[in-house]
Amino acid sequence: MTHDLIVIGGSYAGMAAALQVLRARRRVLVIDAGLRRNRFARHAHGFLGQDGVPPEQIAAEARAQLLAYPGLTWLEGEAVALHGARDAFEVVLGQGRRVAGRRILFATGVRDALPAIEGLEDRWGRSVFHCPYCHGYELDGGAIGVLGSSPMSVHQAELLGDWGPVTFVPNGAVPLTEEVRATLSQRGVTLDETPVLRVEGEADLRLADGRLLSFAGLFVATTVSPASPLPEQIGCEITQTAMGSILRTDGSKQTSIPGIYACGDVAHLPHSVSLAVGDGAMAGAQVHRSLVWPEM
């Protein structure tokens, strides 16, 4: 069977895109490796109608709704190779199975690179976060620590003041110009330039001078990159941003290769479940339009 669309990545954006094409009575294959970006979080927030719901519950309910459409095929596994061209793509799965599709949609999400600080990764998604709109409210106005990782960290420290008192710990990763210092001071941000040894407790920083800074939560600006190597391997253009690398797409969500589309975190900034779903819905509609009007 040749599917009208093969979606590589079965998380929120990929499912939202698949839904639009399924409702157009087209054949859709979703290949899902099961590695949602927010799998470490206990609850998803800021997503209208699903605020506070565990991410795995949202994903499971969405998948069940997609499976009600007869045009859907769902395969659990990893796409390891992609060949062909528009209207004649072939995807190879990890177990060697080959599937054919007219259009490809990358909804693989991104990987988050964290600073190499002991204990930081273990708390990712639990008490260490990147999005204040997703996790800031639940800190209940408590003290917030912002760890330096890139110039985006200063932006985080400025923004987070609406969620609680902020201490910015640059940890040698961010140049502290006089302008930066003045901006942080104007926003009421406390600055502590002592190097960080490790993260302890829920969200406490042990500093090199022995002090322990206690926080309700920590925020860090991660550096992102596409979670799958396939887009780059087949030649999709990559865009470098202040937050890392994502796939370049045009207004129709098509990548630099005809017939290959991308949506969600791997192709759109900023990142949240709400924005991923919206981007996926747009991508699905655009894919369907390309099937109806291939000359466009």
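This is a predicted model: local features need pLDDT of at least 70, side-chain atom pairs count only at pLDDT 80 or more; totals for chains, interfaces and linings use all residues.

Q: OK. Where is serine 228 found?
A: In the loop between strand 16 (223–226) and helix 6 (230–234). Helices (H or I, at least four residues) and strands (E, at least two) are DSSP runs, numbered from the N terminus.

Q: What does the side chain of serine 228 reach?
A: The backbone nitrogen of leucine 230, at 3.1 Å.

Q: And which residues does serine 228 touch, not counting those up to four places away in sequence?
A: Thr108 and Arg111. Contact means heavy atoms within 4.5 Å.

Q: Switching to helices. How do helix 4 and helix 5 cross?
A: Helix 4 (residues 152–159) and helix 5 (residues 178–186) have axes that come within 9 Å and cross at roughly 20 degrees. That makes the two helices roughly parallel. Angles under 35 degrees count as roughly parallel, over 145 as roughly antiparallel, 65 to 115 as roughly perpendicular and the rest as oblique. Axes are lines fitted to C-alpha atoms, for helices over the stretch in contact, and angles run from 0 to 180 degrees between N-to-C directions.

Q: Which residues meet there?
A: Val154, Ala157 and Glu158 of helix 4 meet Val180, Thr183 and Leu184 of helix 5. By class, that contact has four nonpolar, one polar and one charged. Ala, Val, Leu, Ile, Met, Phe, Trp, Tyr, Cys and Pro count as nonpolar, Asp, Glu, Lys and Arg as charged, and the others, Gly among them, as polar.

Q: What about helix 1 and helix 7? What angle do they pack at?
A: About 35 degrees, with the axes of helix 1 (residues 12–22) and helix 7 (residues 273–292) 7 Å apart. Among the residues in contact are Ala13 and Ala16 of helix 1 and Gly280 and Gly284 of helix 7. The contact has 11 nonpolar, three polar and no charged residues.

Q: Last one: glutamate 200. Which residues does it touch, leaving out those up to four places away in sequence?
A: Glutamate 200 touches Arg123, Arg206 and Leu212. Glutamate 200 is in strand 12 (residues 196–200).

Conventions:
Residues are numbered from 1 along each chain as its sequence is written. Side-chain values use heavy atoms; hydrogens and water are left out. A polar contact is a pair of N or O atoms within 3.5 Å; within protein, one must be able to donate a hydrogen and the other to accept it, and residues adjacent in sequence count only if both atoms are side-chain atoms.
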